[in-house]
Amino acid sequence: MASFNLGNRMKLNFIDLKRQYLQYKSEIDREISEVLDTTQFIMGSKVAELERMLADYAGVHYGIGVSSGTDALLLALMAYEVKPGDEILCPPFTFVATAEVVSLLGARPVFVDIDEKMYNINPSLMEDKITRRTKGIIPVSLYGQVADMDQIRGVAQKHDLFVIEDGCQSFGATYKGKRSCGLPDVGTTSFFPSKPLGCYGDGGMVFTDDEVIAKRIQSLRNHGQERRYQHKYIGINGRLDTIQAAVLIAKFRHLEEEIKLRENKGAYYTEGLKDMVVTPYIEGHNTSVYAQYSIRTDRRDDLSDYLNSKGVPTAIHYPVPLHLQEAFDYLGCKEGDFPISEKVSKEIVSLPMSPFITQDEQDYVIEMVRGFLKGTKGNG
Ligand SMILES: Cc1ncc(COP(=O)(O)O)c(C=O)c1O
């Protein structure tokens with residue numbers, strides 16, 4: 001690790017979108033101005049161009065550009081005709097959207113606890129939760145690493161359930177050599193600005209090889225239209241803006257090199273911190289895109305306060321698991337129901353991470369974390 005003078009103070013960004021924009025400015029500006037020239041703001045040709053590029057990258061036939069990662073999940077569930085009374089398995093330790101869309105359709109999210117190493121849904125706990133009302137499973141590829149998809153698929157096939165990968169944090173990651181979002185049956189991702197592939201507003205995409213599901217989603221995202229003003233389904237306005245597609249086309253050209261940088265930065269943090277805190281565990285058959293670099297310590301809150309006071313912003317993904325959120329009170333869950341999710345939510349904290357964070361900045365973060373934890377009691 002390069003030495004760093006602790007006397008210096010730094011002020012870091014949690015995710016540095018400005019540095020990224022400045023690096024690709026001419027390409028991004030050119031792509032945007034092409035849209036402005038054509039004035040094809042809704043479903044312009046760049047949407048289809050992006051869909052083709054990203055579907056190829058994910059290794060599937062269909063990519064359907066949509067208005068957000070949340071709508072990608074919603075539309076996928078709508079395409080499977082999920083309805084009131086249906087049950088969908090998902091982890092409680094995730095961003096709210098994963099379960100929110102299930103509830104929006106009147107179906108019931110049935111939570112399954114996570115495993116303590118990867119923080120993803122624990123497939124060995126799933127079968128106990130399956131009833132005759134269970135229709136599907138939404139595993140989340142949290143922090144940029146795919147869940148144990150083969151085991152999840154095995155359970156799904158046995159019980160005739162669909163699998164929708166919530167890949168909102170993992171676009172570009174691989175599982176046994178295959179890309180996240182290109183795994184069965186459907187993958188969804190988010191282009192929220194801070195995601196590994198982010199746009200300059202909201203956006204998302206659904207990926208699948210299933211022609212029937214793909215055609216339904218293409219229609220559902222556009223008010224259920226098959227042809228103009230001919231509505232086959234009750235749908236939504238869930239289209240991806242052409243300007244966002246243009247930004248993504250420019251940024252996608254750099255995704256692979258950014259992923260390598262993310263991996264290197266992740267490994268660098270791990271090397272500097274692994275004897276002090278619980279660092280991310282990446283399965284041998286996985287690669288992570290480190291949408292977040294999250295560590296665990298039983299002194300999380302004090303560590304966060306300290307880092308913030310030293311100019312190091314932190315974030316907690318996520319402080320309250322979904323089964324303890326007021327919005328899900330109606331499910332009747334209580335504290336203690338999902339002990340691993342509860343434990344991790346008390347200990348987890350994310351450090352500044354982006355492909356553009358410098359070694360000096362990482363050294364500063366590492367020194368601050370180490371300095372704080374050395375000076376206090378606890379077990380990392
Ligand atoms: C795991 C997960 N699911 C769903 C979403 C929702 O994506 P969006 O913010 O694009 O609606 C996000 C991102 O915020 C996420 O991290």
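Just after helix α5, D160 adopts a positive phi of about 55°, where helices (H or I, at least four residues) and strands (E, at least two) are DSSP runs numbered from the N terminus. The structure is a predicted model, in which local features require pLDDT of at least 70 and side-chain atom pairs count only at pLDDT 80 or more, whereas totals for chains, interfaces and linings use all residues. Residue numbers run from 1 along each chain as its sequence is written.

Within α5 (residues 149-159), M149, I152 and A156 are buried; a residue is termed buried if 20 or more other C-beta atoms, placed from the backbone, lie within 10 Å of its own, exposed if 12 or fewer, and partly exposed in between. The face turned away from the buried side of α5 carries the exposed residues D150, Q157 and K158. The cover over the buried residues of α5 includes β4 (134-137), β5 (162-166) and β6 (174-175). In the loop between β4 and α5 lies Y143, which has a positive phi of about 65° although it is not a glycine. Y143 counts as buried because it has 25 C-beta neighbours inside 10 Å. Y229, in the loop between β10 (225-227) and β11 (230-231), likewise is a residue other than glycine with a positive phi, near 65°, but Y229 is exposed, with 6 other C-beta atoms within 10 Å.

The domain assignment gives domain 1 (21-112 + 120-252) and domain 2 (255-374), with bounds that come from an automatic or database assignment. The C-alpha centres of domain 1 and domain 2 lie 24 Å apart, and their contact takes 23 residues from domain 1 and 25 residues from domain 2, two residues being in contact if their C-beta atoms, placed from the backbone, lie within 7 Å. On the side of domain 1 that touches domain 2, β6 and α7 (242-252) each supply at least two residues. By class, this side of domain 1 has 13 nonpolar, seven polar and three charged residues, with Ala, Val, Leu, Ile, Met, Phe, Trp, Tyr, Cys and Pro counted as nonpolar, Asp, Glu, Lys and Arg as charged, and the others, Gly among them, as polar.

Leaving aside neighbours within four places in sequence, A76 is in contact with I164, V186, T188, V206 and I217.

Of the 15 residues around the ligand, S68, G69, T70, C168 and S190 come nearest, a residue being near a molecule or strand if its C-beta atom, placed from the backbone, lies within 6 Å of it. Helices α3 and α4 (97-104) each supply at least two residues of this shell, and the residues of the shell divide into five nonpolar, eight polar and two charged.
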